[in-house]
Structure formats: structure tokens, C-alpha cells
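This report describes one chain for a reader who has not seen it before. Please look at the sequence and the structure first.

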Amino acid sequence: RDWSSDVCSSDLAVQVTLAAKPAKDVKISFAVSDKTEIDIAEGAELTFTPDNWDKAQTVSVIGVDDYAIDGNQESQLTIKSVSDDTNFNGLEVAPLTFITEDNDSASLIIEGESRSLKEEAAENATFSVSLGAQPTSIVTVNLQSSDITELNLTNASSLKFTVDNWNVPQEVEVISVDDNLADKDQVAYIS
């Protein structure tokens, strides 16, 4: 079954019943092949009795956001039965297949707003930068001012992100520069 969610926003309910009445209790257990893609939110083990064998029980599967740019991934929900009724013990049931669609992409997350700085007062402003997905190696983000006669970086001209700190915002500080010119308001930006 295709299931397009790499985000833990909803779950998929699978209804389970037995096809015939057992003589003894039947325990059905479920496991996932890749817990970095899907997990069981509810119903990892269900018990059917001679009294409730035909009443649907639910196992809920949820997508796991792995924050990795890994493309669409296929995972299986395996099913195992255990019972003292030999007709239901060790039933061979084909696994259910789920495909989680990758929602991660290489991106920068900028926190902070554009704002006006007074040139003559040498005003400071800060913003922070983090990555939108976990990288597989070190990522260096180089920063520069579009006009160093108006705006400069005060603390870093590059930021380094690793597989461990990719989602930790790193602060960048800028300062306005008094160029001693009567040049009215100027626009400068960091790229």
C-alpha cells in the first residue's frame, strides 16, 4: 500500500479480523522493517478469542519524519501469529508494504526579519540560520554583504553545519556602517 507521509501528522489504520473461528486465543503481532520511516502507533499486538474473532481490531501505522534527504522509501509491516490452535499458529501472511514519500529538501531556514538600521549610530541586528534537512557531510554557508560601505558582518563570514548541529540555529550579527556620505537611505543585504 502506498502511503505518502514522511511527517508524523496522521496515522493509517489497518483493520484486522480472522477468517474463521479459532478453538483457542490467537495473538497477532506486528513489526516494522524500518523504524526510521514508519512505526506502530497503536495495536502492535492484537488478541483474538473464540468470542471476538470476527470483530475488527486496529493496528495504526504512522510515518516518521527522518529529516534525511533519502527519497521515497519502502517499508514493510510484518505479521506473525501465535496460538495453541495449530490451525492459527504461525500463519504465513504477506507483509503490508508502505511507501513514505520524502518531504525533506536541502534548504536554509532564516529566522529574523528585514529591518532598517541607522548608519550614523552603527546599529546592530541579528538573525539565525539553520538547515532544513540533515546533511550527510559538513555544509558550509558563506555569507557576504552586498555593500560593505553600508552593512558588515560582525561575527562570522561562514557557518558550518554538521550531521549533529544542522538544526541548531547559528546566530549572525550585522552592523550598519557610517560611510560619511549624504547618500540617503541605502539598501544592503546579506547573501
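N165 is found in the loop between strand 12 (158-161) and strand 13 (170-176). Strands here are DSSP runs of type E with at least two residues, helices are runs of H or I with at least four, and both are numbered from the N terminus. With a relative accessible area of 23%, N165 is partly exposed. The classes are buried (under 20% relative accessible area), exposed (over 50%) and partly exposed (in between), with a 1.4 Å probe and protein chains only. Leaving aside neighbours within four places in sequence, N165 is in contact with K160 and Q170; contact means heavy atoms within 4.5 Å. The C-alpha atoms of N165 and V141, 24 residues apart along the chain, are separated by 13 Å.

The model is predicted: local features need pLDDT of at least 70, side-chain atom pairs count only at pLDDT 80 or more, and totals for chains, interfaces and linings use all residues. Residues are numbered from 1 along each chain as its sequence is written, and side-chain values use heavy atoms, with hydrogens and water left out.

**The chain as a whole**

The chain has 13 strands and zero helices. The radius of gyration is 28 Å, well over the 16 Å that the globule rule gives for 191 residues, so the chain is more spread out than a compact globule. This radius is taken over C-alpha atoms, and the rule is 2.2 Å times the number of residues to the power 0.38. Along the principal axes, the C-alpha atoms fill a box of roughly 95 × 30 × 20 Å.

Of the 191 residues, 31% count as buried. Among contacts with a separation of 6 or more, 67% are between residues 24 or more positions apart. The accessible surface comes to about 11600 Å², and carbon and sulfur atoms hold 47% of it; the area comes from the Shrake-Rupley method with a 1.4 Å probe, and for residues only the protein chains shown count as cover.

There are 11 positive and 35 negative side chains, and the centres of the two sets lie 12 Å apart. Lys and Arg count as positive and Asp and Glu as negative, while His and the chain ends are not counted. Each charge is placed at NZ of Lys, CZ of Arg, CG of Asp or CD of Glu.

**Confidence**

The average pLDDT, the predictor's confidence in each residue from 0 to 100, is 85 for the chain, and 92% of the residues score at least 70. Where pLDDT is low, the predicted coordinates should not be read in detail.

**The loop between strands 5 and 6**

D66 lies in the loop between strand 5 (57-63) and strand 6 (73-83).

| Residue | Relative accessibility | Class |
|---|---|---|
| D66 | 15% | buried |
| Y67 | 41% | partly exposed |
| G71 | 31% | partly exposed |

The C-alpha atoms of D66 and T36, 30 residues apart along the chain, are separated by 6.0 Å. For G71 and W53, 18 residues apart along the chain, the C-alpha separation is 39 Å. Not counting residues up to four places away in sequence, G71 touches T100 and D102.

Most residues other than glycine have a negative phi.
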